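Here are my notes for your first read-through. Keep the structure open beside you and check each point as you go.

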Amino acid sequence: MRDQTLCVRHPDVSHEGFASLGTPTYRASTIVFPDAQSYADRKHRGPDGYSYGLHGTPTSRTLEAALTGLEGGVRTVLLPSGQAAIAVIFLTVLQPGDTVLIPDTAYPPVRGFCENFLAPRGVDFRIYDPLIGDGIAELIDDTVKLVWTESPGSTTMEIQDIPAIVKAAHARGALVGCDNTWATPVYFKPLTHGVDFSMEALTKYVNGHSDLLMGSVSVADLPLHRRLKDTMRMMGFGVSPDDCSLVLRGLETMAIRLRHASAIALDFAQRMEARLPAGRVLHPGLPTAEGHDLWCRDFTGSSGVFSVIVPPHAEAALPDLLTAAKVFSIGASWGGTHSLLAPMSVAGSRQFGRPEYEQTILRISIGLEDPEDLWGDLEPIIAAFAEK
């Protein structure tokens, strides 16, 4: 071959005797085939075969397989974000004239997707009380094709009775999806409780370093996997192999990070509960929390995210209190190595829940800094909350 061709055509190098603990990053848009017939037959390779980089490389398949094992499912798909993962589930299941039920405590963009995208296209949605349990059966008519769950609920941390909701939904022919980002499959496995779609925002604990966006959906049913893949193919959804490599690296330390964050967060929640009026600290691991019994029954642990309802007398001082923090950062998302504080508001957006939810809620995410340094930031905030 001439030099110009040699610049392009890299030689084959033996891999014999080489083994690495790290997963290789296979980047590809084009997938090449050994002969013309293989190319012509590429559609017969199925959802697990390689046909085009958009639909997966060995790097993304390794991450899919790792998540499938953790979830206790049969297949996993990867999406560009957690919200994209939710949208693909909804678009796969729902047709014009169908209805989806979403809990009052769902991640706010879920409601926005229903209001601003699905409803104008003929797909209805209804909001339900996250604590309804098996009472959800009364809301499931022939139009309901999907019941969405999120446990614990976004910001206010209510635990849902997932097995009861699954039983009621399946009895009426509806599928069930669950946003399991808070617990991760380390502490809760929705598929083992009968959920059809277990969704994770890999952006958060699984990646664990606050530097990329990705989502996943795991299923225990191969036909559902094929339906998800068909929707993704039509929408042109894929993920970067480089991002998959980073998520695989984060996954290796997730269980240890969770164990640390869980212990510190629960300790802090207990300290705060001892100093604040009853019901102000929202953490399902507290015996006084709504749904604590369900959490004990279904979960094997808690993550490092919990909330505190800001008392009215401390509202005006809150911005200065947060700005004064030396170790905590102020920002959205969570699940990384850095601890975060985020003032949240659900005022006016909830149909169910306590009157206190009209007040500002401070969401706390514990990272990997020294606990005493973190408590040094939180102590003056809690002191201000406790003042009367």
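In what order do the strands of the open sheet of seven strands stand? Keep in mind that this is a predicted model.

1. **The seven-stranded sheet.** The order is β1-β7-β6-β5-β4-β2-β3. The sheet is open, and its pairing is mixed. The edges are β1 (75–79) and β3 (124–128). Each has a single partner strand, so one side of each has no neighbour in the sheet. On average, neighbouring strands here are turned by 20° against each other, direction ignored.

2. Look at β5 (residues 175–179) and β6 (residues 197–201). These two strands run parallel, joined by three bridges. Within this pair, cysteine 178 sits opposite serine 198 of β6.

3. **A helix on that sheet.** Find helix α8, residues 222–235.

4. **The five-stranded sheet.** Now move to the other open sheet described here. Its five strands follow the order β8-β9-β12-β11-β10, again with mixed pairing. β8 (281–282) and β10 (329–330) are the edge strands. Each pairs with a single strand, so one side of each is left without a neighbour in the sheet.

5. In which sense do β8 and β9 pair, parallel or antiparallel? The pairing of β8 with β9 (residues 305–309) is antiparallel, over two bridges. Trace one of the partners: valine 281 has valine 308 of β9 as its bridge partner. Helix α9 (residues 241–275) packs on this sheet and touches β8, β9 and β12 (361–365). The direction of α9 makes about 15° with that of β9.

6. Helix α12 covers residues 371–386. It lies across β9, β11 (340–344) and β12. Relative to β12, α12 runs at about 155°.

7. **Helix against helix.** Return to α9 and look at its contact with helix α3 (residues 58–71). The two axes come within 8 Å and cross at roughly 35°. The crossing of α3 past α9 is left-handed.

Terms used
Residues numbered from 1 in each chain as written. Predicted model: local features only at pLDDT ≥ 70, side-chain atom pairs only at ≥ 80, totals over all residues. Heavy atoms only, no water. Pairing = 2+ DSSP bridges. Helix = DSSP H or I, 4+ residues; strand = E, 2+ residues; numbered from the N terminus. Contact = heavy atoms within 4.5 Å. Axes fitted to C-alpha atoms, helices over the stretch in contact; angles between N-to-C directions. Left-handed = near helix turned anticlockwise from the far one by under 90°.
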